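Here is a protein model to read closely.

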Amino acid sequence: MEGGSNDFPGDLLRAVLQRLPPPDLARAACVCRLWRGVASDRAVLEAAFASPWGVRRVVGEPETRAFWRAASLARFALSHTVRRGDTVPGIALKYSIQVTDIKRFNNMMSDHGIYSRERLLIPISNPEILQGSTCYIEMDYNARREVAVFYPQGRPSGKAESSTNTAAAERRSRRILESVKRSLHTDDGTAAYYLSVTDGDPRAAMMEYSEDLRCTSLEEICCMRTESKSC
């Protein structure tokens with residue numbers, strides 16, 4: 001481009017990039033700072049991820065941005081609520097897929113694994129069901145995979161949303177704990193204690209810890225002086 005990549009109109013650049021497949025979008029992000037900014041925009045990433053399958057909207061944030069780069073059909077799943085009397089062969093027949101596909105996708109060693117689960121993720125065999133749908137990014141800890149989940153009833157139930165929110169909150173709390181632990185150069189227990197006495201504020205936790213260290217050092221100095229005088 002003669003005038004340089006920065007002369008490319010921003011709106012036009014966005015319109016072009018959001019039509020690229022994820023691998024090409026990742027390459028476009030390497031062109032320059034402007035292109036990287038547009039290519040990293042949440043709306044552009046979502047459009048590149050969803051448009052091949054006709055998905056209308058993708059709700060939620062993945063744990064890592066690498067999620068957006070693999071826009072294969074395997075990144076999507078249908079949510080099936082397990083009910084009394086359900087069997088893996090019966091569910092496979094209902095959705096016209098293989099039993100082994102369900103077991104592999106849900107990290108199940110045997111058909112009996114269904115009895116300990118409230119839902120199964122069903123691999124998408126017919127992408128037409130995703131046309132015009134809204135999918136929800138979720139980490140399924142039984143299946144050990146993060147997927148964009150399609151709910152036939154339209155959206156997650158309150159219980160499913162609560163479970164997802166709880167898992168997200170736990171991940172945030174763990175990230176904060178790890179950050180404070182590294183900053184304080186201490187263990188989990190100590191970091192957790194200072195977070196608890198500061199209502200989860202990492203900055204306040206580090207200040208409180210530093211203050212306690214300072215006071216402890218002063219006490220040690222006073223004790224050393226007292227012992228020296230007594231001698």
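Q: Which residue's side chain makes a polar contact with the side chain of T134?
A: This is a predicted model, where local features need pLDDT of at least 70, side-chain atom pairs count only at pLDDT 80 or more, and totals for chains, interfaces and linings use all residues. Residues are numbered from 1 along each chain as its sequence is written, and side-chain values use heavy atoms, leaving out hydrogens and water. A polar contact is a pair of N or O atoms within 3.5 Å; within protein, one must be able to donate a hydrogen and the other to accept it, and residues adjacent in sequence count only if both atoms are side-chain atoms. At 2.7 Å, the partner of the T134 side chain is the side chain of R56.

Q: Is T134 buried or exposed?
A: Buried means under 20% relative accessible area, exposed over 50%, and partly exposed in between (1.4 Å probe, protein chains only). T134 lies in strand β4, residues 134–140. Its relative accessibility is 12%, so T134 counts as buried.

Q: Which residues is T134 in contact with, leaving aside its neighbours within four places in sequence?
A: Contact means heavy atoms within 4.5 Å. With the sequence neighbours set aside, the list for T134 is R56, R57, V59, V149 and F150.

Q: How many helices and strands does the protein have?
A: Helices (H or I, at least four residues) and strands (E, at least two) are DSSP runs, numbered from the N terminus. The totals are ten helices and five strands.

Q: Where is A29, and why does A29 count as buried?
A: A29 sits in the loop between α2 (22–28) and α3 (33–39). Beyond four places in sequence, A29 is in contact with W35, R36 and A39. A29 counts as buried because its relative accessibility is 16%.

Q: Which helix gives the largest share of the lining of the second largest pocket?
A: On a 1 Å grid over the protein atoms alone, a pocket is an open set of points where a 1.4 Å probe fits, with protein on both sides within 12 Å along at least five of seven lines; lining residues have an atom within 4 Å of a point. A29 and S40 are among the lining residues. α2, α4 and α5 (66–69) each supply at least two residues. The largest share, three residues, comes from α2.

Q: Is S96 buried or exposed?
A: S96 is in the loop between α6 (88–95) and α7 (99–105). Phi of S96 is near 60°, a positive value in a residue other than glycine. The relative accessible area is 62%, so S96 is exposed.

Q: What is the mean pLDDT of the protein?
A: pLDDT is the predictor's confidence in each residue, from 0 to 100. Over residues 1–5 pLDDT stays under 50. In the protein, 81% of residues reach 70 or more, and the mean pLDDT is 80.
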